[in-house]
Amino acid sequence: LKTDNSLRNVPIPPGLYEDLMEYKRIEISRIDGRLFSYRDYEVMNTKLRRLFIKLGYPISMHSLRHTYTTLLIQNGIDLKTVSSLIGDDVAMVMRTYSHVNDEMKEKAAELIKDIF
């Protein structure tokens, strides 16, 4: 793991879980139980980025993390829960994803106009 805080359960859609379990089933079993063979984060990130680009997706693991977090916030998951899921503190989530909060404030302003 990258840090001690890296060990956590992260909810994912059932279809993604099934795809990962299928990948694990057809790949050579690893004694250490790891899903991917790369121990070094940078090596794994580089390999996956090349694969994503080859498949037509110019993204990185960080892009996936950012998208996951943004979608959680946009869909009403509270910041404390989001921060726990991604392993950051609430202040870092607020700083990094403030654009989402601004969009939510604008939406709230429109709702408030309708309420009053």
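Q: Which residues does Val 100 touch, not counting residues up to four places away in sequence?
A: This is a predicted model, in which local features need pLDDT of at least 70, side-chain atom pairs count only at pLDDT 80 or more, and totals for chains, interfaces and linings use all residues. Residues are numbered from 1 along each chain as its sequence is written, and side-chain values use heavy atoms, with hydrogens and water left out. Contact means heavy atoms within 4.5 Å. Beyond four places in sequence, Val 100 touches Thr 70, Ile 73 and Gln 74.

Q: Is Thr 69 buried or exposed?
A: Thr 69 sits in helix H3 and, beyond four places in sequence, is in contact with Val 82, Ile 86 and Tyr 97. Buried means under 20% relative accessible area, exposed over 50%, and partly exposed in between (1.4 Å probe, protein chains only). Because its relative accessibility is 0%, Thr 69 counts as buried.

Q: What is the relative accessible area of Asn 45?
A: Asn 45 belongs to helix H2 (residues 41-54). Leaving out residues up to four places away in sequence, Asn 45 touches Ser 60 and Met 61. Asn 45 is buried, and its relative accessible area is 15%.

Q: How many helices are there in the protein chain?
A: Helices (H or I, at least four residues) and strands (E, at least two) are DSSP runs, numbered from the N terminus. From that end, the elements run α-α-α-α-α-α. The chain has zero strands, and its number of helices is six.

Q: What is the radius of gyration of the protein chain?
A: The radius is taken over C-alpha atoms, and the globule rule is 2.2 Å times the number of residues to the power 0.38. For 116 residues the rule gives 13 Å, and the chain's value is well over this, so the chain is more spread out than a compact globule. Along the principal axes, the C-alpha atoms fill a box of roughly 60 × 35 × 25 Å. The radius of gyration is 18 Å.
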